[in-house]
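Please keep the sequence and the structure in view while reading.

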Amino acid sequence: MTIESFPKAAKRELVDVQLRTNLRAATDTIQAKRARVVGELPDWEALRDAGSAIKADVLAHLDDYLVQFESAVTAAGGHVHWAADAAEANAVVVEVARAHGVSEVVKMKSLTTDEIHLNAALEEAGIHALETDFAELILQLDGDWSSHILVPAIHRNRREIRDLFARTIARGITSDEPRDLAEASRIYLRERFLNAKVGVSGANFGVAETGTICIVESEGNGRMCTTLPEVLVTVIGIEKLVPRFADLEVFLQLLPRSSTGERMNPYTSLWTGVTPGDGPQELHVVLLDNGRTRVLRDDVGRQALHCIRCSACLNVCPVYSRTGGHAYGSVYPGPIGAILTPQLIGIENAASLPFASSLCGACYEVCPVKIDIPTVLLHLRGQAVAVKAPAPERLVMRTVAWVFGGRRRFMLGQRLARLTQRPFVRGGRIRRLPGPLHAWTSSRDLKPVAPQTFRDWWRSR
Amino acid sequence: MRIALFVTCIGDTVFPEAGRATVRVLERLGHEVVFPAEQTCCGQMHVNSGYRSDGLELARRFVSVFGEYDVVVSPSSSCVGNVRELYPRLAREAGDTQLTQAVALLAPRVFELSELLVNHLGLTDVGAWFPHRVAYHPTCHSLRVTHVGDAPLALLRNVRELELVPFARSTECCGFGGTFAIKNADTSTAMLSDKCDELEASGAEVCTALDASCLLQLGGGLGRRGSRVRTMHLAEILAAE
């Protein structure tokens, strides 16, 4: 399952001026909010270090923590399922839904279930998965897909949403006020919540020592999905564990400030197994690998598994804010997607993604768990070149390296470049070049090789 | 002080004015500048594009050319960043202990120009005069790899009759990114276009930066739209009197 090359996908997305305007407005707002609340904490850097250290520990001892988590969940009355890939995970959810004879499950926003295309798998089994997150609902109603980790419909503005609602769940709605749009979805969803027998969730954290699952959210639909139905299925990536309950203290500070720019998120739900007479009476926890152990094998790349899906890296990314999330061809867009997707699905299937960055480093600066994204990008670029570099590019890069390998060769190269450029230089600049360099001159002038190089000047003085 | 100049491949070939200005500033301050003639390129393009073994060879070359000098200066924050931040990892990953040691000794002696002047030599006034409105574009690698901090601004504030003008989103990338500018030309151009808009709106006559590579992008974009904003390397402003 090779994804479309990023430059091609980006070219298509860049044409959409409305998309760029919507994105820019939204990411500017979130960025500013984040900067304000992060600035309030004098120990922010220490928190980042702690978050990073806890995640590194989890990854180093993942085998132990997973077994510990499994026994804690089981002891608390839950059922644990191990899923090596998407098909295995989906089969568990379908089986549970079938066993209870439902035709619909209510679902909270979950990247992990998007990653495994759970909705499609359920649909195939004749079961509708109703998305209950406001933005996810918008996308589901319109047959669209997420373009942002946290704000899936960031590429839509409220007029577009009003028009969609008028066509679907709220005929006759004329207002595009956020309050009215939210009310329309609330009316639509409330009854479905109350009638649902099976709920499906993802998880932000799983606590190894207690078997507790934690979700953080803004809208409260997640709490509905995880408390109202009799049966709950939680799909959790194996990297989402934290060792101790107390570790949540670190992440519950890092995550909301980094993601929504809030000091704390409106709803934090925690549940441990099954509690008789309170909430779901049947809990299934699906532990999902789906490429994660492959990522774990790479000692540079594995830090991508630290990710707590805050999306701060998307919001500061100058590439993401121009192309939007769809160009990244996966549920994980932006800088984190550029390093996670190629590792999850294999570099040969996403070889252009590590190059979808100008290496500006803004992502690393804001990452709450200190994933050194630029370093991982370089690491993956090396792998991409090894498996998939086009022969002409390889030849050019090798030749240039050879030219740089000696003073005489370099000076010869400078002279040759000056000669070759001659037909193209007009008034001290180059406006058009043939071949691959046209990619530069199609939108930019090129400063030519100087009439006198620095070293010639140095020798002459 | 005897200072070795690493002019960089692009500085030597396309932006010799930045190298000449660097020499002028340092000599005016009474330092001796030497130019090791064997120098070519630090290998940043290869390292950043996934051609690590080629980058490693160029790192070896850099270390052998500059290893003997006490202080190395370069009018490029990204090349300095490559030497200081990426060489150590490159050498370590290659399992080359000799290179690792040589890099550990050399890297702390390699400085970007403004960093050398302000943080190392303790100067903020280099006697420059430049009566123009100037926008300073802090390049990504100067901010987030080489960490030059406010050094360039401290220098610019002490240039006589220079008016420093702010512009929106100044710390955002210009879209150059090395081979990114070619491989992802459309995205690179979209980033550049916004940057040019912001620079033009600032009322600046000149946009300055520490990196010839970013100036190649900015100058290329501004030039194509016939903008009145010119690009100049920081060294050229510091050399003006």
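Predicted model: local features only at pLDDT ≥ 70, side-chain atom pairs only at ≥ 80, totals over all residues.

A:His81 stands opposite A:Val286, a residue of strand E10 of chain A.

- Strand E10 of chain A covers residues 282-288 and is joined to E1(A) by 5 bridges, the two strands running parallel.
- Both strands belong to an open sheet of 6 strands in chain A, arranged in the order E1-E10-E7-E4-E2-E3 with parallel pairing.
- At the edges of this sheet are strand E1 (79-83) and strand E3 (128-131) of chain A, each of which pairs on one side only.
- From one strand to the next, the twist averages 25°.
- In general, the strands of a sheet pair through backbone hydrogen bonds, in either a parallel or an antiparallel manner.

**The contact of chain A with chain B**

- Chain A contributes 48 residues to the contact, and chain B contributes 52 residues.
- Several helices of chain B each supply at least two residues to the side that touches chain A, among them helix H2 (16-28), helix H4 (52-66), helix H11 (185-202) and helix H12 (212-224).
- The side of chain B that touches chain A consists of 22 nonpolar, 18 polar and 12 charged residues.

**The two domains of chain B**

- The domain assignment divides chain B into domain 1 (2-120) and domain 2 (133-239).
- The C-alpha centres of these two domains of chain B are 22 Å apart.
- In chain B, 29 residues of domain 1 are in contact with 23 residues of domain 2.
- H1, H2, H3, H5 and helix H7 (113-120) of chain B each provide at least two residues of the side of domain 1 that touches domain 2.
- That side of domain 1 of chain B has 12 nonpolar, 11 polar and 6 charged residues.

**A pair of helices in chain B**

- Helix H5 (residues 77-93) and helix H6 (residues 97-106) of chain B have axes that come within 8 Å and cross at roughly 165°.
- Angles over 145 degrees count as roughly antiparallel, and H5(B) and H6(B) are therefore roughly antiparallel to each other.
- The crossing in which H5(B) passes H6(B) is left-handed.
- On H5(B), the residues B:Tyr87, B:Pro88, B:Ala91 and B:Arg92 meet B:Leu99, B:Thr100, B:Val103 and B:Ala104 on H6(B).
- The residues of this contact of H5(B) with H6(B) comprise 6 nonpolar, 1 polar and 1 charged.

Conventions. Residues numbered from 1 in each chain as written. Chains lettered and ligands numbered in written order. Axes fitted to C-alpha atoms, helices over the stretch in contact; angles between N-to-C directions. Helix = DSSP H or I, 4+ residues; strand = E, 2+ residues; numbered from the N terminus. Parallel < 35°, antiparallel > 145°, perpendicular 65-115°, else oblique. Left-handed = near helix turned anticlockwise from the far one by under 90°. Contact = placed C-beta atoms within 7 Å. Nonpolar A, V, L, I, M, F, W, Y, C, P; charged D, E, K, R; others polar. Pairing = 2+ DSSP bridges. Domains from an automatic or database assignment.
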